Amino acid sequence: MASPEKYLIAGNWKMNGTLASLSMIDELMKGVSSRDLQRQDIMLCPPFTLLSRLIDKTATLPFLIGAQDCHMQEKGAHTGDISAAMLRDLGTDAVIVGHSERRADHGETNEIVQAKAESAHAHDLTAIICIGETLDQREAGQTLAVVSDQLTGSMPALCTAANTVIAYEPVWAIGTGKVPSNDDIALVHQNLREILTSRLGEEGERIHLLYGGSVKGSNAADILSIEHVNGALVGGASLTAKDFLAIIKSVPEL
Ligand code: 13P
């Protein structure tokens, strides 16, 4: 899994991509250098339809592969759902749980997200647990309360740096081109770090805290230089090799 000592740059393709999109991997490989890989682990999270092909295509390449959701149960009568066991069976490394788009579109609560993360852990997948406030909540001064509540409510009791990544994604920054100020990101990440260390001790210091929301080549270096920002969860700018490479190249020295 992702090394706690490196940055983690993860691309969430969301509901984008067809078989033709896999050619971006060749382009990506042409651009990624050993220097880049010393600083960061790179993860791609395609839609379910491309997972198997992408895992095959990257078998000898230095990319981690994640899914975008899983069911909380291992198997059963859940039409249309995919379990963590199935993802692991394919060779998937990680799974995003509790993305704000799933919380909004599918009514996922903290309890559901926690159960999904537990299932991911049980099947040897890293759970990338997403949290983040809406614009209304930010304007009402509730950001820290909301994200703290989401973190404590969505995290399984026993998390390690190997099986858990936390992604702070302000809902209002996703796909909008708007990004919080560095001070605002620093405040949230500091708060999240304190919660993690108070719950998990030293292990909590090692868990990756990613920022997500309109990360691109032009702002990545700035965002990644903030204390307790250990990587990025990238949406739109992970869809083309050119845009994703611009972020990969911006990752600071460790
Ligand atoms: P954008 O990078 O497109 O804002 O998306 C962020 C995100 O939701 C990643 O999970």
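Student: How far does a polar side-chain atom of Asn-12 lie from an oxygen atom of the ligand?

Tutor: This is a predicted model, in which local features need pLDDT of at least 70 and side-chain atom pairs count only at pLDDT 80 or more, while totals for chains, interfaces and linings use all residues. Residues are numbered from 1 along each chain as its sequence is written, and side-chain values use heavy atoms, with hydrogens and water left out. A polar contact is a pair of N or O atoms within 3.5 Å. For Asn-12, the distance from its polar side-chain atom to the ligand oxygen is 3.0 Å.

Student: Which residue has a polar backbone atom 2.8 Å from an oxygen atom of the ligand?

Tutor: A backbone N or O atom of Ser-214 lies 2.8 Å from a ligand oxygen. A polar backbone atom at 2.8 Å from an oxygen atom of the ligand also belongs to Gly-235.

Student: How much of the accessible area of the ligand does the protein cover?

Tutor: Accessible areas come from the Shrake-Rupley method with a 1.4 Å probe. On its own the ligand has 300 Å² of such area.

Student: In which pocket does the ligand sit?

Tutor: A pocket is an open set of points on a 1 Å grid over the protein atoms alone, reached by a 1.4 Å probe, with protein on both sides within 12 Å along at least five of seven lines; lining residues have an atom within 4 Å of a point. A molecule sits in a pocket if more than half of its atoms lie within 2 Å of its grid points. By this rule the ligand sits in the second largest pocket.

Student: What volume does the second largest pocket have?

Tutor: Its lining has 16 residues, and Gly-175, Ser-214, Val-234, Gly-235 and Gly-236 lie nearest the centre. A volume is the space filled by probe spheres set on the points. For the second largest pocket it is about 200 Å³.

Student: Which element gives the largest share of the lining of the largest pocket?

Tutor: The largest pocket has a volume of about 390 Å³. Of its 14 lining residues, Lys-14, Met-15, Gln-68, Arg-102 and His-106 are closest to the centre. Two or more lining residues come from each of α3 (48-57) and α5 (100-105), helices being DSSP runs (H or I) of at least four residues. The largest share, 3 residues, comes from α5.

Definitions and conventions
A polar contact is a pair of N or O atoms within 3.5 Å; within protein, one must be able to donate a hydrogen and the other to accept it, and residues adjacent in sequence count only if both atoms are side-chain atoms.
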